[in-house]
Amino acid sequence: NLKVTFDKDECHIKAKDQVVAIGKLDNSLYRLQEETVYSAQAGELCIHQWHVRLAHKNLSDIRKMQKDGVVIKACSCSDICESCIKGKMSSKPFPKQSSRVTEETFDVVVSDVCGPLQEESVGGSKYFVTFIDIHSRYCKVYFIKNKSVVGDKVVDYVENVKTRFGKTPKVLRSDRGGEYTCTKVQDYLRKEGIEFQCTVGYAPQQSGIAERKNRSLVEAARTMLNDSQLHKQWWAEAVNTANYIQNRVVSQAINGIPYEKMFGEAPKFEDFHRFGEDVFMKIPDAKRKKLDDKAVKVKFVGYDQASKGYRLADIKNTKVIISREVEFLDRCVEVDLESHKEVVENSEVVESSEVESNADADADAGDDEAGEQRRPVGAQGEAVHQHQADPGEPEPDPEHERVEIPAFLRRQAN
C-alpha cells in the first residue's frame, strides 16, 4: 500500500499521502536517505508527539522537518514539557549591573565574609569581612579569627557610621550566611530600623559587588606579597593596604574616587609607598643607649588610619609597629629571581607573637612596641641588594663584610 513518486533528482515513498522515506539520485540510482526514513505506521502526529518520539528535540527544529515531508497535525496542546524542564533546566542570567541607583551615601551597604584563608595572619586572623557603601563604593575591612564575631562587626560598623556621619544605613545586604541571619544581628537591625536584604540560596552572583570586592582585595594582596617577597602570614597587612589604596583611586563603577565621594575632599597621592620596601625607623631616645644605633631597618606594610603613622613590620620578631619617624629609601632595585627562589626554599617560617590590629584599631601600643625592638634581620626569602659605589669611592675589601650606607646618611655626611 505504498506509493512512489519520482521527481528530477529524488523520489518520495508515501503511505496514505504521508512521506515515509526519501531517495536521492546518485549515479543513476536513488539512494534511500536514512535520516528521512519515518515509520509508515506513524500516521499523522502532532508536534508534541513528534517531540517525544524524536528524543525531546526542540519544537522549532521539528517544524523545519516539514519541508522534508514530515506531516505535523495541528493540535491545541501546551508547549510545556515537564520532562524537558526536569532534564534541561539551566540557571537564569543575572543582570550585568544593578537596576537600583542610590541617591545618598549609606542608602545601601553590602557586606560579605571572605575566608578561611589557608594561612593565619600575624595576628591569628583567618577571615576578613567587608562593608561597602554602594553610592560611594567606599569599603571598610575588619579582620576576624572566626565567623562568630561577624555580628559584633556589624554593630561596630553601624555605630561608627552613626557617630562619624550622623546617619544610619537604610539597607544592609548580604548573602544568607548564618553570621548575618542569626537572631542577634536581626534583632539589632530591627532595633535600628535597618532593612535587611539577602540573596537567594546558592546564588552569590546576586551579591556581585561584595564578591568582586573580595576578589579584588585578595588578588591585590597576593600580588603585593609576591612582589615584596614577604611570607603569606602578612596577608592581612597586604589586604588592609590594598583596601586603603583602592578607596583613594578612581573606581570605574562610580567614575570617581570613593574617598572623595564619601568625605568630600581629594586624597593625597604623594604619600603612597611600595608595600614591603625597606625603611629606617627611628628608635625613641628613651629606648636606646648612647652608643646604640638611632634607627633600625624594618619593612613598610601600610598606613595606620587611627593615627598619623605608618605600619611597619619587624620580620625577626613577627610583629607590627606603628611609627611616624620613618625614612624611606625609595630605591629602584633589580630582583634576582633564581637567588630568591633558592633563599625561599631554605627559609624557615617565624611564628607570630603578636595579635595584629585591623584598619581602625587603636595605635596606643606604638611606643611600647618600638621600645622592644632590636636590629632585625631581613625578611625570610627577601632578595639581597648590593650597594653600587659612587664614582671616586674606593673599592670595598672582599675579605670584609660589605656594609650598606643609607642614602640619607650619605647626604648628611657630605
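User: In this predicted model, where is Ser28 found?
Analyst: The model is predicted, not experimental. Strand 3 covers 18–26 and strand 4 covers 29–32. Ser28 is found in the loop between strand 3 and strand 4.

User: Is Ser28 buried or exposed, and what is its phi?
Analyst: A residue counts as exposed over 50% relative accessible area. Ser28 has 68% relative accessibility, so it is exposed. Ser28 is a residue other than glycine, yet its phi is positive, near 75°.

User: Which loop holds Asn255, is Asn255 buried or exposed, and what is its phi?
Analyst: Asn255 lies in the loop between helix 8 and helix 9. With 69% relative accessibility, Asn255 counts as exposed. Asn255 is also not a glycine, and its phi is positive, near 55°.

User: Which residues of helix 4 are buried, and where do they lie around the axis?
Analyst: The buried residues of helix 4 are Val150, Gly151, Lys153, Val154, Tyr157, Val158 and Val161. Seen down the axis, they fall within an arc of 165°, so they line one face of helix 4.

User: Which residues are exposed on the other side of helix 4, and what covers its buried residues?
Analyst: Thr163 and Arg164 are exposed on the other side of helix 4. The elements that cover the buried residues include strand 7 (108–114), strand 8 (127–133), strand 9 (139–144) and strand 10 (171–174). Also included are helix 5 (178–181) and helix 6 (183–192).

User: How far apart are the end C-alpha atoms of helix 4?
Analyst: Helix 4 runs over residues 150–165, which is 16 residues. At 1.5 Å a residue it should span 22 Å. The end C-alpha atoms agree with that, at a separation of 22 Å.

User: At what angle do helix 4 and helix 6 pack, and how far apart are their axes?
Analyst: Two packed helices are described by the angle between their axes and the distance between the axes. The angle between helix 4 and helix 6 is about 20°, which makes them roughly parallel. Their crossing is left-handed. The axes are 9 Å apart.

User: Which residues make the contact between helix 4 and helix 6?
Analyst: Helix 4 contributes Gly151, Asp152, Val154, Val155, Val158, Glu159 and Lys162. From helix 6 come Lys184, Val185, Tyr188, Leu189 and Glu192.

User: Which residues of helix 6 are buried, which are exposed on the other side, and what covers the buried ones?
Analyst: Val185, Gln186, Tyr188, Leu189 and Glu192 are the buried residues of helix 6. Their arc around the axis is only 160°, which puts them on the same side of helix 6. On the other side, Thr183, Lys184, Arg190 and Lys191 are exposed. The cover over the buried residues includes helix 4, strand 10, helix 5 and strand 11 (195–198).

User: How do the axes of helix 7 and helix 8 cross, and what is the hand of the crossing?
Analyst: Helix 7 (residues 208–228) and helix 8 (residues 235–246) have axes that come within 8 Å and cross at roughly 120°. Among the residues in contact are Leu217 and Ala221 of helix 7 and Trp235 and Ala242 of helix 8. The crossing is right-handed.

User: Which residues does Lys261 touch, not counting those up to four places away in sequence?
Analyst: Lys261 is in helix 9 (residues 258–263) and is partly exposed, at 38% relative accessibility. Lys261 and Thr105 are 156 residues apart in sequence but 8.6 Å apart in space, C-alpha to C-alpha. With that sequence limit, Lys261 touches Thr105, His135, Ser136 and Ile254.

User: Is Glu10 buried or exposed?
Analyst: Glu10 belongs to strand 2 (residues 10–15). Beyond four places in sequence, its contacts include Ile22, Leu25 and Tyr30. At 17% relative accessibility, Glu10 counts as buried.

User: Which bond joins Gly115 and Pro116?
Analyst: Pro116 sits in the loop between strand 7 and strand 8. Omega is about 5° between Gly115 and Pro116, and the bond is a cis peptide bond.

Note on methods
Residues are numbered from 1 along each chain as its sequence is written. This is a predicted model: local features need pLDDT of at least 70, side-chain atom pairs count only at pLDDT 80 or more; totals for chains, interfaces and linings use all residues. Side-chain values use heavy atoms; hydrogens and water are left out. Helices (H or I, at least four residues) and strands (E, at least two) are DSSP runs, numbered from the N terminus. The expected span of a helix is 1.5 Å times one less than its number of residues. Buried means under 20% relative accessible area, exposed over 50%, partly exposed in between (1.4 Å probe, protein chains only). The arc is that of the directions from the helix axis to the C-beta atoms. Contact means heavy atoms within 4.5 Å. Axes are lines fitted to C-alpha atoms, for helices over the stretch in contact, and angles run from 0 to 180 degrees between N-to-C directions. Angles under 35 degrees count as roughly parallel, over 145 as roughly antiparallel, 65 to 115 as roughly perpendicular and the rest as oblique. A crossing is left-handed if the near helix is turned anticlockwise from the far one by less than a right angle, and right-handed if clockwise.
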